[in-house]
Amino acid sequence: MNKKINHKQLTFDSEYRGYNQTRLASEIPGLSQSNLSKFEKGIPTLSDELIYKIIKFLDFPEDFLYLELYTKSINAHYRKKSKILKTEKIELDQTIKIISHLIDEMSESLDLPEFGLQQIDVEDGYSPSYIASYVRRRLNLRDKPVKDIFSILESQGIIIVPINTDINSFDGVSFITEYGFPVMVINDNMSNDRKRLTIAHELGHIIMHSEDFLISEFRDKEKEAFEFAAEFLMPEVAIKNQLMNLKLSELVGLKRYWLTSIASLIRRARDLKCIDQDRYIYFNTELSRSGYKKKEPVEVVIDKPTIIKSAYELYTTQLDYSATELSDVFNLPLDIIQKFFASHSEKNKLRIISMNIS
């Protein structure tokens, strides 16, 4: 090992595999918890031979130790972040860094779509609702529901990655990769209406909460993102008349049309002053009584993201790479490649810009 090892990567490896310092030290002959702790803090206490034993045990490629995964992804916008446990946050941050690394590496050889929307600062005097209306106009949505939400946003260069996770408190997260690609990671185990709200919410973060903006500490970014999402999915100009004097019997039909949850429709009706607070409480009481707070009737339709699937198809067909070879290309374990790529297959929508990806 002649190259300089990034000690943070060894910490990443052990945390990803679920090993704390004490447990890992007990598995590796000659490794003490004290020396491992010092090494993870940047003190060169471990020999190259011992480091090699550790990464072999953790089943990570040796070259992973020399990577510098993008650290700004830690500042990602989490929906329901306050409910995520520390261990879950570590797991999600690791997932973000891997996905960010993969997307930036893919961009070296594949022509990924460029970001086509304008980021707008609320501090310039624009409300989240106005910004959402502007984005809808840019996307030519008029007064209609947002039907193919994945396709629409991916066509604007926003890469959406659904993940299967048991972290029920996690809905989604958005971030910008080191190379500037906007990404959303969403929980694929949610209902479709919840996915759509999460995607719209994260779009609000991407549009309004750029790291280039000086955002006042007194602003509530989560509230702004929810306001954006409500207008983006249920535009006032189109839905307000439909919500006036709202009745319980109308909610399922409105859900089918607007592709949003009944709970969101009731909230929207209150916020637009189509119903008063007493009526709002009544509706929510009825939802609880019917068991619809846990699972609503009717599953709305949703399309599927294609960019990651198309990328895998290009690598495995036109570039003729196996999953094992992609593991070598991206300096990641085979199980991670299989987790994010190998289960996918989709007709190509990307094109190759370079054949040299080794």
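The largest cavity has a volume of about 50 Å³, a cavity being a set of points on a 1 Å grid over the protein atoms alone where a 1.4 Å probe fits but cannot get out; the volume is the space filled by probe spheres set on the points, which are joined across faces, edges and corners. The model is predicted, with local features requiring pLDDT of at least 70 and side-chain atom pairs counted only at pLDDT 80 or more, whereas totals for chains, interfaces and linings use all residues. Residues are numbered from 1 along each chain as its sequence is written, and side-chain values use heavy atoms, with hydrogens and water left out.

The structure holds one cavity of 30 Å³ or more. Lining residues (an atom within 4 Å of a point) of the largest cavity are Ile-99, Leu-102, Ile-103, Met-106, Val-161, Ile-308, Phe-340 and Phe-341. Helices (DSSP runs of H or I, at least four residues, numbered from the N terminus) H5 (86-106) and H16 (334-342) each supply at least two residues of this lining, and H5 gives the most, with four. By class, the lining has eight nonpolar, no polar and no charged residues; Ala, Val, Leu, Ile, Met, Phe, Trp, Tyr, Cys and Pro count as nonpolar, Asp, Glu, Lys and Arg as charged, and the others, Gly among them, as polar.

The axes of helix H8 (residues 192-208) and helix H9 (residues 221-233) come within 8 Å and cross at roughly 120°, axes being lines fitted to C-alpha atoms over the stretch in contact, with angles from 0 to 180 degrees between N-to-C directions. H8 is therefore oblique to H9, as angles under 35 degrees count as roughly parallel, over 145 as roughly antiparallel, 65 to 115 as roughly perpendicular and the rest as oblique.

Definitions and conventions:
1 Å grid on protein atoms, 1.4 Å probe; cavity = no way out; pocket = protein on both sides within 12 Å on 5 of 7 lines; lining within 4 Å.
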